[in-house]
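This briefing goes through a single model by topic. The sequence and structure come next, followed by the notes.

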Amino acid sequence: MVSGMLLSGKRKESIVKVMEHGSVSSRINRCLIERERRRHMKSLSSQLSALLPPQPTKMSMPELVDQATAYVKELQQNLEKYKQMKVEMKEKRGPGCSKRSRKISPVLNITDLGSHLEVNLITGLNKQFALSDLISILQEEGAEIISAACQYTEDRAIYTILSQAIYPRIGIATSSVHERLKSLIC
């Protein structure tokens, strides 16, 4: 519509300015978009570089991508190798030996440290005890519990109890504690 009309000088100048302003605005937008794209690519390349083993020198983008590709292939090969090792280990163990079914005889170790007593018990998961049962026996024998812990590994439970005598002059009857704990675990 504008092109078909005769425009006065002032109006013509303002339309030209608007058109120029539009092209300047789009150029600024393109620059901002490109700057944001470069910033995003730099961030991604930094993240990729952080995932790779440390390198002695800074790498260009193509070198970084090549290094990442080689590293991923190496990790895939390692994964396959470890899977194969796992299969071989399972085959050596045999079909009847699962982690849970393997029986481990309980091992009881009581260390008398003067007025303190340390009890360590290792058992298979096929024979679990409540930590409270062990603590009750110690308390009944005149011990005050300082710390108690129970840890589970793949095929065993490990109980550790550190106690001290409630009455240091009387002490803790270590032999009685040992006999009672032995009867509990057997």
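Ser45 counts as buried, because its relative accessibility of 15% falls under the 20% limit. The residue belongs to helix 1, and the model that contains it is predicted. Leaving aside residues up to four places away in sequence, Ser45 touches Met61 and Leu64.

**Nonpolar patch**

- Met41, Leu44, Met61 and Val65 make up a nonpolar patch on the surface.
- Together these four residues have about 310 Å² of accessible area.
- Helix 1 and helix 2, the latter spanning 61-93, each contribute at least two residues to the patch.
- Met41 is located in helix 1 and is partly exposed, at 36% relative accessibility.

- Glu34 forms one of them with Arg38, where the closest N and O atoms are 3.6 Å apart.
- That distance of 3.6 Å qualifies because the cut-off is within 4 Å.
- Glu34 and Arg38 are separated by about one helical turn, because they are four residues apart in helix 1, which covers residues 9-51.
- Both partners are partly exposed: Glu34 has a relative accessible area of 30%, and Arg38 is at 47% relative accessibility.
- Glu36 forms a salt bridge with Arg39, with 3.2 Å between the closest N and O atoms.
- Glu36 and Arg39 also both lie in helix 1, three residues apart, or about one turn of the helix.
- Glu36 is partly exposed, at 45% relative accessibility.

**A salt bridge between sequence neighbours, and a network**

- Asp155 forms a salt bridge with Arg156, and their closest N and O atoms are 3.3 Å apart.
- The two partners fall into separate accessibility classes: Asp155 is buried at 12% relative accessibility, whereas Arg156 is partly exposed at 29%.
- Elsewhere, salt bridges with shared partners link Glu34, Arg37 and Arg38 into one network.

**Strand pairing**

- Strand 1 (residues 107-113) and strand 2 (residues 116-124) run antiparallel and are joined by seven bridges.
- Within this pairing, Leu108 stands opposite Leu121, which is in strand 2.
- The hairpin formed by strand 1 and strand 2 has two residues between the strands.
- In that hairpin, Gly114 adopts a positive phi near 80°.
- Side chains in a regular strand alternate between the two faces of the sheet.

**Cysteines**

- How many disulfides does the structure hold? The number is zero.
- Cys31 is partly exposed, with 42% relative accessible area.
- Cys150 is likewise partly exposed, at 29% relative accessibility.

How values were computed:
Residues are numbered from 1 along each chain as its sequence is written. This is a predicted model: local features need pLDDT of at least 70, side-chain atom pairs count only at pLDDT 80 or more; totals for chains, interfaces and linings use all residues. Side-chain values use heavy atoms; hydrogens and water are left out. A salt bridge is a side-chain nitrogen of Lys or Arg within 4 Å of a carboxyl oxygen of Asp or Glu. Buried means under 20% relative accessible area, exposed over 50%, partly exposed in between (1.4 Å probe, protein chains only). Contact means heavy atoms within 4.5 Å. Two strands pair if DSSP finds at least two bridges between them. A disulfide is a pair of cysteine sulfur atoms within 2.5 Å. Patches are made of residues with over 30% relative accessible area and no salt bridge: like charges are joined within 9 Å, nonpolar side chains (Val, Leu, Ile, Met, Phe, Trp, Tyr) within 5 Å. Accessible areas come from the Shrake-Rupley method with a 1.4 Å probe; for residues, only the protein chains shown count as cover.
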